[in-house]
Amino acid sequence: MAQGLVALLDVEEIDTDLYRGARRPGGEGRVFGGQVIAQALQAAQRSTEAPRIAHSLHAYFMRPGDERYPIVYRVERDFEGRSFATRRVIAMQKGKPILNLACSFQTPEEGLHHQDAMPDVPAPDTLTPERELLAALGDQIPEPLRAFLSRPRPIELRPVDPRQLLKPEPRAPSQSIWFRLVAPVGDDPALHRAILAYASDFALLGTSTLPHAVHWLIDDMQTASLDHALWLHEPFRADEWLLYTTDSPWAGHARGFNRGRIFTSDGRLVASVAQEGLIRLRSPKAGV
(Lines give C-alpha, C1' and ligand atoms only; values in the text may rest on other atoms or scores of the structure.)
Protein backbone atom coordinates (compact mmCIF):
# COMPACT_ATOMS: atom_id res chain seq x y z
CA MET A 1 0.00 0.00 0.00
CA ALA A 2 2.84 2.42 0.78
CA GLN A 3 4.43 1.90 -2.62
CA GLY A 4 1.00 2.30 -4.21
CA LEU A 5 0.72 5.78 -2.69
CA VAL A 6 4.26 6.62 -3.80
CA ALA A 7 3.32 5.63 -7.36
CA LEU A 8 0.08 7.62 -7.18
CA LEU A 9 1.93 10.78 -6.18
CA ASP A 10 4.76 10.33 -8.72
CA VAL A 11 3.58 12.72 -11.45
CA GLU A 12 4.75 12.12 -15.01
CA GLU A 13 6.36 14.97 -16.97
CA ILE A 14 4.70 15.10 -20.40
CA ASP A 15 6.18 18.44 -21.54
CA THR A 16 7.99 21.42 -20.04
CA ASP A 17 6.07 22.42 -16.87
CA LEU A 18 3.25 20.03 -17.81
CA TYR A 19 2.63 16.91 -15.71
CA ARG A 20 0.12 14.09 -15.48
CA GLY A 21 -1.03 12.59 -12.20
CA ALA A 22 -2.18 8.98 -12.22
CA ARG A 23 -5.69 7.93 -11.24
CA ARG A 24 -6.14 5.76 -8.16
CA PRO A 25 -6.37 2.12 -9.35
CA GLY A 26 -9.98 0.97 -9.22
CA GLY A 27 -11.24 4.43 -8.30
CA GLU A 28 -14.76 5.29 -9.44
CA GLY A 29 -15.90 8.21 -7.27
CA ARG A 30 -14.72 11.68 -6.32
CA VAL A 31 -10.96 12.22 -6.11
CA PHE A 32 -9.70 12.66 -2.55
CA GLY A 33 -8.66 16.29 -2.09
CA GLY A 34 -5.35 15.33 -0.50
CA GLN A 35 -4.40 13.46 -3.68
CA VAL A 36 -4.87 16.55 -5.86
CA ILE A 37 -2.94 18.75 -3.41
CA ALA A 38 -0.07 16.26 -3.17
CA GLN A 39 0.19 15.71 -6.92
CA ALA A 40 0.10 19.50 -7.53
CA LEU A 41 2.86 19.94 -4.96
CA GLN A 42 4.91 17.24 -6.68
CA ALA A 43 4.49 19.05 -10.01
CA ALA A 44 5.65 22.30 -8.41
CA GLN A 45 8.62 20.54 -6.79
CA ARG A 46 9.63 18.91 -10.07
CA SER A 47 9.87 22.36 -11.66
CA THR A 48 12.15 23.74 -8.91
CA GLU A 49 15.82 22.90 -8.43
CA ALA A 50 17.62 22.20 -5.16
CA PRO A 51 18.53 23.59 -2.70
CA ARG A 52 15.15 25.36 -2.66
CA ILE A 53 12.47 23.47 -0.77
CA ALA A 54 8.71 24.00 -0.50
CA HIS A 55 7.69 25.81 2.68
CA SER A 56 4.05 26.75 2.01
CA LEU A 57 1.15 26.09 -0.32
CA HIS A 58 -2.32 27.56 -0.71
CA ALA A 59 -4.97 25.78 -2.76
CA TYR A 60 -8.55 26.41 -3.85
CA PHE A 61 -10.82 23.56 -4.91
CA MET A 62 -13.18 24.53 -7.75
CA ARG A 63 -14.68 21.28 -9.00
CA PRO A 64 -14.66 17.69 -7.73
CA GLY A 65 -12.16 15.47 -9.48
CA ASP A 66 -13.28 12.23 -11.14
CA GLU A 67 -11.31 9.09 -10.21
CA ARG A 68 -11.96 7.57 -13.63
CA TYR A 69 -9.51 9.98 -15.30
CA PRO A 70 -5.92 11.18 -14.75
CA ILE A 71 -5.30 14.81 -13.79
CA VAL A 72 -3.09 17.17 -15.81
CA TYR A 73 -1.04 19.81 -13.95
CA ARG A 74 0.25 22.98 -15.61
CA VAL A 75 2.99 24.83 -13.73
CA GLU A 76 3.60 28.56 -14.05
CA ARG A 77 6.99 29.86 -12.85
CA ASP A 78 5.77 33.14 -11.42
CA PHE A 79 8.89 34.27 -9.54
CA GLU A 80 12.58 33.36 -9.27
CA GLY A 81 14.34 35.35 -6.55
CA ARG A 82 17.64 35.03 -4.74
CA SER A 83 16.10 33.35 -1.67
CA PHE A 84 12.53 32.53 -2.71
CA ALA A 85 10.68 31.20 -5.74
CA THR A 86 6.96 30.76 -6.36
CA ARG A 87 5.04 28.37 -8.54
CA ARG A 88 1.39 28.39 -9.56
CA VAL A 89 -0.20 25.07 -10.51
CA ILE A 90 -3.51 24.54 -12.30
CA ALA A 91 -4.98 21.03 -12.03
CA MET A 92 -7.17 20.11 -15.02
CA GLN A 93 -9.56 17.31 -15.90
CA LYS A 94 -11.33 17.10 -19.26
CA GLY A 95 -10.29 20.67 -20.08
CA LYS A 96 -11.63 22.25 -16.88
CA PRO A 97 -9.68 23.41 -13.81
CA ILE A 98 -10.45 21.54 -10.61
CA LEU A 99 -7.82 23.15 -8.35
CA ASN A 100 -5.49 26.14 -8.29
CA LEU A 101 -2.41 25.92 -6.07
CA ALA A 102 0.28 28.48 -5.25
CA CYS A 103 3.50 27.19 -3.70
CA SER A 104 6.50 29.05 -2.29
CA PHE A 105 10.06 27.71 -2.11
CA GLN A 106 13.01 28.95 -0.06
CA THR A 107 16.74 28.33 -0.04
CA PRO A 108 17.35 27.03 3.52
CA GLU A 109 18.91 29.45 6.01
CA GLU A 110 19.20 29.81 9.78
CA GLY A 111 17.10 32.25 11.84
CA LEU A 112 15.19 32.94 15.04
CA HIS A 113 13.21 29.98 16.32
CA HIS A 114 10.28 29.20 18.61
CA GLN A 115 7.33 26.81 18.43
CA ASP A 116 4.16 25.66 20.19
CA ALA A 117 4.52 22.78 22.60
CA MET A 118 3.09 19.43 21.52
CA PRO A 119 -0.07 18.44 23.41
CA ASP A 120 0.34 15.83 26.11
CA VAL A 121 -1.37 12.80 24.57
CA PRO A 122 -0.97 9.00 24.78
CA ALA A 123 1.70 7.42 22.58
CA PRO A 124 0.47 5.77 19.36
CA ASP A 125 1.43 2.24 20.47
CA THR A 126 -1.11 2.53 23.31
CA LEU A 127 -4.00 3.39 20.98
CA THR A 128 -6.34 1.30 18.81
CA PRO A 129 -5.92 1.70 15.03
CA GLU A 130 -8.89 3.32 13.34
CA ARG A 131 -9.39 0.32 11.04
CA GLU A 132 -10.03 -1.87 14.14
CA LEU A 133 -12.49 0.67 15.55
CA LEU A 134 -14.40 0.60 12.28
CA ALA A 135 -14.27 -3.20 12.05
CA ALA A 136 -15.83 -3.43 15.53
CA LEU A 137 -18.95 -1.67 14.20
CA GLY A 138 -19.53 -4.62 11.88
CA ASP A 139 -22.92 -4.76 10.18
CA GLN A 140 -24.10 -1.61 11.95
CA ILE A 141 -22.61 0.15 8.92
CA PRO A 142 -24.44 -0.34 5.59
CA GLU A 143 -22.64 -2.66 3.20
CA PRO A 144 -21.54 -0.08 0.56
CA LEU A 145 -20.04 2.16 3.26
CA ARG A 146 -18.56 -0.84 5.08
CA ALA A 147 -16.67 -1.85 1.95
CA PHE A 148 -15.40 1.71 1.48
CA LEU A 149 -14.28 2.14 5.08
CA SER A 150 -12.63 -1.28 5.34
CA ARG A 151 -10.49 -1.09 2.20
CA PRO A 152 -6.71 -1.09 2.82
CA ARG A 153 -5.25 2.40 3.23
CA PRO A 154 -1.66 3.60 2.78
CA ILE A 155 -1.83 5.81 5.89
CA GLU A 156 -2.38 4.26 9.33
CA LEU A 157 -4.50 6.37 11.71
CA ARG A 158 -4.73 6.07 15.49
CA PRO A 159 -7.16 8.57 17.04
CA VAL A 160 -6.40 9.77 20.57
CA ASP A 161 -10.07 10.27 21.50
CA PRO A 162 -12.16 8.47 18.86
CA ARG A 163 -15.48 10.09 18.03
CA GLN A 164 -18.66 8.04 18.22
CA LEU A 165 -19.63 7.50 14.59
CA LEU A 166 -23.10 6.00 14.97
CA LYS A 167 -24.33 7.88 18.05
CA PRO A 168 -22.27 11.07 18.21
CA GLU A 169 -22.68 13.50 21.08
CA PRO A 170 -21.68 17.19 21.11
CA ARG A 171 -18.04 17.69 22.08
CA ALA A 172 -15.43 20.42 21.89
CA PRO A 173 -14.24 21.20 18.33
CA SER A 174 -10.78 19.70 18.72
CA GLN A 175 -9.18 16.31 18.22
CA SER A 176 -5.81 14.61 17.87
CA ILE A 177 -4.78 11.67 15.74
CA TRP A 178 -1.48 9.90 15.13
CA PHE A 179 -0.65 8.92 11.54
CA ARG A 180 2.17 7.42 9.50
CA LEU A 181 2.72 5.68 6.19
CA VAL A 182 2.10 1.94 6.63
CA ALA A 183 5.62 1.00 5.43
CA PRO A 184 9.00 2.72 5.07
CA VAL A 185 9.80 4.55 1.85
CA GLY A 186 12.99 6.15 0.55
CA ASP A 187 14.77 9.23 1.84
CA ASP A 188 13.55 11.78 -0.75
CA PRO A 189 12.38 14.79 1.32
CA ALA A 190 10.15 16.01 -1.52
CA LEU A 191 8.26 12.70 -1.46
CA HIS A 192 7.77 12.94 2.32
CA ARG A 193 6.42 16.48 1.93
CA ALA A 194 3.96 15.26 -0.71
CA ILE A 195 2.80 12.37 1.52
CA LEU A 196 2.24 14.78 4.42
CA ALA A 197 0.29 17.09 2.09
CA TYR A 198 -1.86 14.10 1.13
CA ALA A 199 -2.47 13.14 4.78
CA SER A 200 -3.15 16.72 5.89
CA ASP A 201 -6.63 16.47 4.35
CA PHE A 202 -7.56 13.60 6.73
CA ALA A 203 -9.75 14.35 9.77
CA LEU A 204 -9.48 18.12 9.35
CA LEU A 205 -12.92 19.08 8.02
CA GLY A 206 -14.73 16.79 10.46
CA THR A 207 -13.37 18.82 13.39
CA SER A 208 -15.90 21.58 12.68
CA THR A 209 -18.81 19.11 12.98
CA LEU A 210 -17.87 17.83 16.45
CA PRO A 211 -19.91 20.37 18.51
CA HIS A 212 -23.03 19.61 16.45
CA ALA A 213 -23.12 15.81 16.90
CA VAL A 214 -23.37 15.18 13.16
CA HIS A 215 -21.35 12.90 10.91
CA TRP A 216 -21.48 12.25 7.18
CA LEU A 217 -21.76 8.51 7.88
CA ILE A 218 -25.24 8.78 9.44
CA ASP A 219 -26.51 12.26 8.55
CA ASP A 220 -27.60 13.71 5.23
CA MET A 221 -24.59 15.98 4.93
CA GLN A 222 -22.78 17.50 2.00
CA THR A 223 -19.11 18.03 2.80
CA ALA A 224 -16.24 19.21 0.62
CA SER A 225 -12.95 21.05 1.03
CA LEU A 226 -13.14 24.60 -0.30
CA ASP A 227 -9.54 25.66 0.27
CA HIS A 228 -6.44 24.26 1.94
CA ALA A 229 -3.26 25.89 3.22
CA LEU A 230 -0.15 24.06 4.42
CA TRP A 231 3.05 25.47 5.92
CA LEU A 232 6.06 23.15 6.11
CA HIS A 233 8.36 24.20 8.94
CA GLU A 234 10.93 21.48 9.59
CA PRO A 235 12.21 18.21 8.07
CA PHE A 236 10.33 15.01 8.96
CA ARG A 237 9.58 11.49 7.75
CA ALA A 238 6.03 10.57 6.80
CA ASP A 239 6.76 6.88 7.51
CA GLU A 240 7.35 7.68 11.20
CA TRP A 241 4.60 8.62 13.68
CA LEU A 242 3.26 12.18 13.38
CA LEU A 243 0.64 13.75 15.65
CA TYR A 244 -2.08 15.76 13.89
CA THR A 245 -3.93 17.98 16.37
CA THR A 246 -6.83 20.04 15.01
CA ASP A 247 -9.34 22.60 16.19
CA SER A 248 -12.22 24.59 14.71
CA PRO A 249 -12.65 28.14 16.06
CA TRP A 250 -15.71 28.93 13.88
CA ALA A 251 -18.48 27.42 11.75
CA GLY A 252 -21.45 29.08 10.09
CA HIS A 253 -23.29 29.65 6.79
CA ALA A 254 -22.74 25.97 5.83
CA ARG A 255 -18.94 26.41 6.17
CA GLY A 256 -16.52 25.22 8.83
CA PHE A 257 -13.06 26.65 9.47
CA ASN A 258 -10.39 24.28 10.77
CA ARG A 259 -6.76 24.54 11.86
CA GLY A 260 -4.14 21.85 12.35
CA ARG A 261 -0.64 21.37 13.77
CA ILE A 262 1.58 18.39 12.97
CA PHE A 263 4.28 17.25 15.38
CA THR A 264 6.92 14.53 15.30
CA SER A 265 6.85 12.05 18.18
CA ASP A 266 9.75 13.92 19.84
CA GLY A 267 7.72 17.14 19.91
CA ARG A 268 8.97 19.12 16.91
CA LEU A 269 6.30 21.20 15.15
CA VAL A 270 6.90 20.35 11.48
CA ALA A 271 3.78 21.68 9.74
CA SER A 272 0.68 23.84 10.20
CA VAL A 273 -2.59 23.56 8.28
CA ALA A 274 -5.73 25.63 7.75
CA GLN A 275 -8.84 24.76 5.78
CA GLU A 276 -12.38 25.98 5.20
CA GLY A 277 -14.89 23.43 4.00
CA LEU A 278 -18.53 22.97 3.13
CA ILE A 279 -20.54 21.33 5.96
CA ARG A 280 -24.10 21.55 4.67
CA LEU A 281 -26.73 19.62 6.62
CA ARG A 282 -29.29 18.94 3.90
CA SER A 283 -32.05 17.64 6.17
CA PRO A 284 -32.70 18.45 9.87
CA LYS A 285 -31.52 15.99 12.46
CA ALA A 286 -34.30 14.02 14.14
CA GLY A 287 -35.50 15.82 17.26
CA VAL A 288 -33.97 19.16 16.28
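At what angle do helix α1 (residues 2–9) and α5 pack, and how far apart are their axes? The angle is about 100°, and the axes lie 11 Å apart. Axes here are lines fitted to C-alpha atoms, for helices over the stretch in contact, and angles run from 0 to 180 degrees between N-to-C directions. α1 and α5 are therefore roughly perpendicular to each other. Angles of 65 to 115 degrees count as roughly perpendicular, under 35 as roughly parallel, over 145 as roughly antiparallel, and the rest as oblique. Leu-5, Val-6 and Leu-9 of α1 make the contact with Leu-191, Ala-194, Ile-195 and Tyr-198 of α5. Contact means heavy atoms within 4.5 Å. Helices (H or I, at least four residues) and strands (E, at least two) are DSSP runs, numbered from the N terminus.

The model is predicted: local features need pLDDT of at least 70, side-chain atom pairs count only at pLDDT 80 or more, and totals for chains, interfaces and linings use all residues. Residues are numbered from 1 along each chain as its sequence is written, and side-chain values use heavy atoms, with hydrogens and water left out.

Now turn to α2. This helix covers residues 33–46, 14 residues in total. From first C-alpha to last it reaches 20 Å, close to the 20 Å expected at 1.5 Å a residue. The expected span is 1.5 Å times one less than the number of residues. Of its 14 residues, 13 are buried, so α2 is largely enclosed by the rest of the structure. Buried means under 20% relative accessible area, exposed over 50%, and partly exposed in between (1.4 Å probe, protein chains only).

α2 also packs on α5 (residues 189–199). Their axes come within 7 Å and cross at roughly 155°. That makes α2 roughly antiparallel to α5. The α2 side of the contact includes Gly-34, Ile-37, Ala-38 and Leu-41. The α5 side includes Ala-190, Leu-191, Arg-193 and Ala-194.

The largest nonpolar core has 55 residues. Such a core is a set of buried Ala, Val, Leu, Ile, Met, Phe, Trp, Tyr and Cys residues joined through side-chain atoms within 4.5 Å. Tyr-73, Leu-99, Leu-101, Ile-155, Ile-195 and Ile-262 have the most contacts inside it. Not counting residues up to four places away in sequence, Tyr-73 touches a set of residues that includes Gln-35, Val-36, Gln-39, Ala-40 and Ala-43.

Pro-51 lies in the loop between α2 and β3 (53–61). Ile-53 lies in strand β3. At 36% relative accessibility, Ile-53 counts as partly exposed. Ile-53 and Pro-189 are 136 residues apart in sequence, yet their C-alpha atoms are 8.9 Å apart. Beyond its neighbours within four places in sequence, Ile-53 contacts Ser-104, Phe-105, Gln-106, Pro-108 and Arg-193.

Phi of Ala-203 is near 65°, a positive value in a residue other than glycine. Ala-203 sits in the loop between α5 and β9 (221–232), and is partly exposed at 33%. Phi of Ala-254 is also near 65°. Ala-254 lies in the loop between β10 (242–252) and β11 (255–264).

Finish at Pro-170, in the loop between β7 (155–159) and β8 (174–181). Pro-170 counts as exposed, at 62% relative accessibility. Leaving out residues up to four places away in sequence, Pro-170 touches Leu-210, Pro-211 and Ala-213.
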